[in-house]
Amino acid sequence: MQMSSDEIKALDSQYVMHTYGRFPVAIDHGEGARLYSPEGREYIDFTSGIGVSDLGYGYQPWVDAITAQAKKLGHASNLFYTEPCARLAETLCKRTGMSCVFFANGGGEANEGMIKLARKYSFDKYGKGRSTILTLNNSFHGRTITTLTATGQDVFHNYFFPFTEGFRYADADSLNSLRDAAGDDVCAVMVELVQGEGGVLPLDPKYVKALSEECRKHDWLLLVDEVQTGVGRTGSLFAFQQYGILPDVCSFAKGIAGGLPMSGIMANEKCRNVLGPGTHATTFGANPVCAAAGLVVQDTLTDAFLQQVREKGEYLRDQIEALRLPCFGKTRGLGLMVGIAVKDGYQNGAIAKKLLENGLLVLTAGPGMRLLPPLVVTREELDAGVAILKRTLAE
Ligand code: PLP
């Protein structure tokens with residue numbers, strides 16, 4: 001018999017470790033950009049499982065591809081070749097100009113691979129002593145001990161000492177700050193092009209171009225963390241394509257398989273052979289079911305679809321700004337990665353809670369709000385969400 005929301009919450013509270021500040025809601029199923037509780041309560045979803053469910057819920061080609069692949073082969077390990085993984089890697093490289101892919105399972109793990117690659121590149125070429133990676137203040141790169149260290153927010157540097165050595169921080173959009181943090185020990189710079197968890201803050205394109213040149217000048221690898229910005233979220237397949245740069249290495253995760261756990265890194269030609277046999281591995285990486293799902297995501301994210309992502313993002317921001325809600329300031333972001341400033345005197349967590357009570361799911365980021373609707377969201381679903389914003393927050 002189907003459990004009720006209260007039964008699920010009680011069972012979870014007893015047996016699942018309390019590491020998440022969960023909303024008091026159980027989700028049973030979804031359709032398009034709508035989610036439903038076991039009792040059938042409907043929610044408009046502007047979270048897509050924190051940027052993961054880019055094809056929404058119940059997207060038939062995705063369900064069919066996963067079902068067909070699961071019937072054929074659910075796992076083989078990286079001791080063998082499988083077709084979905086090879087085809088997904090080919091698609092990603094052909095669409096981006098990168099040269100090869102390593103598949104992993106989550107964003108933090110992908111970033112670990114990117115950090116390892118950067119340090120080995122430098123060791124192979126220059127020997128010991130050049131292993132420091134510069135990251136940006138206010139960044140977020142993951143929850144492993146090393147990616148927590150890479151994360152440029154002090155609040156993450158507690159409890160779990162000792163942290164990994166070899167990271168220093170610079171201010172976003174300031175080449176001077178980067179140069180101050182630099183030194184002979186640096187091998188790479190790692191950035192998110194839109195700082196996601198930090199508050200949906202896009203980097204200045206001029207800064208990004210200059211940063212790319214600075215990296216080339218010093219032979220620092222440019223590592224772009226596209227765990228949140230990648231796979232169509234910002235209205236191009238990867239955000240670096242809009243910024244007009246080619247990173248040395250780029251990580252991706254979240255939306256890559258439309259809701260199944262998958263991540264990876266892509267390396268450019270210069271870096272394609274840095275991680276050779278025996279230097280890096282992960283048992284579950286390149287799972288064929290996830291890769292089959294990833295191929296459906298790639299088939300769906302055509303250029304015309306990405307254009308619609310940009311248009312829908314602009315539409316959503318215009319609609320929100322037109323409401324002139326007392327608690328909200330300006331909107332920002334790229335594509336369907338939308339941030340909203342929250343005015344002094346209002347709490348983003350309390351706003352998210354009120355919206356949830358009225359049937360709209362949203363995220364917070366830094367002190368503001370963050371909206372990450374499924375990329376397939378329709379105008380009708382966007383309008384339904386905006387109507388809830390108006391009804392809930394108008395006074
Ligand atoms: N990097 C960025 C930019 C992220 O936004 C996140 C997660 O939100 C991560 C890394 C960590 O990803 P995961 O939670 O899949 O390990």
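Reader: Which residue in β17 stands opposite G339?
Author: R370 does. This is a predicted model, in which local features need pLDDT of at least 70, side-chain atom pairs count only at pLDDT 80 or more, and totals for chains, interfaces and linings use all residues. Residues are numbered from 1 along each chain as its sequence is written, and side-chain values use heavy atoms, leaving out hydrogens and water.

Reader: What makes β14 and β17 a pair?
Author: Strands pair if DSSP finds at least two bridges between them. Strand β14 (residues 337-342) and strand β17 (residues 368-371) have three, in the antiparallel sense. They therefore pair. Strands here are DSSP runs (E, at least two residues), and helices are runs of H or I, at least four, numbered from the N terminus.

Reader: Why are β13 and β16 called edge strands?
Author: The open sheet has the order β13-β14-β17-β16. β13 (328-334) and β16 (363-365) each pair on one side only.

Reader: How do you know that the length of α10 agrees with its residue count?
Author: The expected span is 1.5 Å times one less than the number of residues. For the 13 residues of α10 (residues 288-300) that gives 18 Å, and the end C-alpha atoms are 18 Å apart, so the two agree.

Reader: Why is α10 called largely enclosed?
Author: Buried means under 20% relative accessible area, exposed over 50%, partly exposed in between (1.4 Å probe, protein chains only). Twelve of the 13 residues of α10 are buried, so the helix is largely enclosed by the rest of the structure. Among them are P288, C290 and T300.
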